[in-house]
Amino acid sequence: MLVSGRSRLLTALLQAQKWPFQPSRDMRLVQFQAPHLVGPHLGLETGNGGGVINLNAFDPTLPKTMIPFLEQGEATLSVARRALAAQLPVLPRSEVTFLAPVTRPDKVVCVGMNYVDHCKEQNVPVPKEPIIFSKFASSIVGPYDEVVLPPESQEVDWEVELAVVIGKKGKHIKATDAMAHVAGFTVAHDVSARDWQMRRNGKQWLLGKTFDTFCPLGPALVTKDSVADPHNLKICCRVNGEVVQSSNTNQMVFKTEELIAWVSQFVTFYPGDVILTGTPPGVGVFRKPPVFLKVSEGPDSPDGELWVHTLWKEDRSEGFRSGGQGVTGHMLLSSSCLKKEPREG
């Protein structure tokens, strides 16, 4: 791996440390709406595919959106833990609309070429430093919202990613302290217009990455104490039922701690900030021939569907835990329906 000696030393140090967060009962924070409620609310998803516990009904003093909730730190997280342990009413999944777990963050930081196997598929060297770009917060949509294919692009592509959500403000954060600034993890999709990323706009990536709806997130923010090791997770993407990306987060060149330390040299992290940690191989642009997302045509044709999900290690008999053998269930799931954006005029 072509990384600097300093990076190799730091990676070895982090790997040598015992992961400090032992999995507890799975805490999956969500933002949702329901017909009988006014505006967004905070909730707990009761497992993958389960219903939602209304945290604001459990404690009306809690904020109703994620960023103010995260800003209050342990005070609000402790309330969520009590709610998780209590026997509370569950809203059926069919009666709620899931929003992105974080909306309008201060920043969405993205990392390019951060999987060793993704570099191999491009036949390019592994980066010696993180390649950082961004998306505008206006690109964020919910996990089941429509991804709009803009008429300005004919080369819209998929990129499944593990996303880190910041929980504590910080600048110049040491890698060894980085996880203290993390609230948890979610699934993201870095939808990308390759023509605008690779050939237009002076080959600057921003415009190709930040069309409206180009950042589906969620549904759940899985708290860090529910994750045994974020760098040993199965990650895959399906398009219309076909697996197009399949890898493991152990292929990351720069792990979560290194990314936070690197980026915080330049900017201050705030609660709710999102880091998209890179995508594995299998994207459409590097297929032969290239393949891009499109919507089925005709009055009887269903809309194209884009399924994106990551699978976490799970023990077959004892549920989610560190060191589980085999992958048997979804912990994070995102599904977005594609549609075309009509031209005005």
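This is a predicted model: local features need pLDDT of at least 70, side-chain atom pairs count only at pLDDT 80 or more; totals for chains, interfaces and linings use all residues.
**Entry 1: Leu-29**

I started with Leu-29, which comes out buried at 1% relative accessibility (buried is under 20% relative accessible area, exposed over 50%, partly exposed in between, with a 1.4 Å probe and protein chains only). Residues are numbered from 1 along each chain as its sequence is written, and side-chain values use heavy atoms, with hydrogens and water left out.

Leu-29 sits in strand 1, residues 28-33 (strands are DSSP E runs of at least two residues, helices H or I runs of at least four, numbered from the N terminus). What does Leu-29 touch, not counting residues up to four places away in sequence? I listed its contacts (heavy atoms within 4.5 Å), and among them are Gly-43, Leu-55, Met-66, Phe-69, Pro-101, Pro-219 and Thr-223. I also checked Pro-219 by C-alpha: 8.5 Å from Leu-29 in space, yet 190 residues away in sequence.

**Entry 2: confidence**

The protein averages 83, and 78% of the residues score at least 70. Residues 297-303 fall below 50, and that stretch has 6 contacts beyond near neighbours in sequence. Residues 307-333 are also below 50, but there the model has 86 such contacts.

**Entry 3: nonpolar cores**

Next I looked for nonpolar cores (sets of buried Ala, Val, Leu, Ile, Met, Phe, Trp, Tyr and Cys residues joined through side-chain atoms within 4.5 Å). In soluble globular proteins, nonpolar side chains tend to be buried together. The largest core here has 52 residues, and the members touching the most others are Phe-32, Val-96, Phe-185, Ile-260, Phe-269 and Ile-275. Elements giving two or more residues to this core include strand 1, helix 5 (116-122), strand 11 (182-189) and helix 8 (256-263). Which strand gives the most to this core? I found strand 10, with 4 residues. The core draws at least three residues from each of domain 1 (28-99) and domain 2 (108-311); the bounds come from an automatic or database domain assignment.

I then zoomed in on Ile-260. Leaving aside neighbours within four places in sequence, Ile-260 contacts Ile-166, Ile-173, Ala-178, Val-182, Phe-269 and Ile-275. A second, separate core has 30 residues, including Phe-69, Ala-80, Ala-100 and Leu-217.

**Entry 4: salt bridges**

I got 12 salt bridges in the structure (a side-chain nitrogen of Lys or Arg within 4 Å of a carboxyl oxygen of Asp or Glu).

- Glu-45 and Arg-28 pair at 2.8 Å, N to O. The two are 17 residues apart, with Glu-45 in strand 2 (residues 41-45) and Arg-28 in strand 1. Both are buried.
- Arg-81 and Glu-74 meet at 2.5 Å, N to O. Arg-81 is partly exposed because its relative accessible area is 34%, and Glu-74 counts as partly exposed at 48%.
- Lys-209 and Glu-159 have their closest N and O atoms 3.2 Å apart. Lys-209 is in helix 7 (residues 206-209) and Glu-159 in the loop between strand 9 (156-157) and strand 10, so the pair ties together parts 50 residues apart in sequence. Both Lys-209 and Glu-159 are buried.

Last item: Lys-209 and Glu-159 belong to a salt-bridge network that also links Lys-135, Asp-157, Asp-190 and Arg-194.

Conventions. pLDDT is the predictor's confidence in each residue, from 0 to 100.
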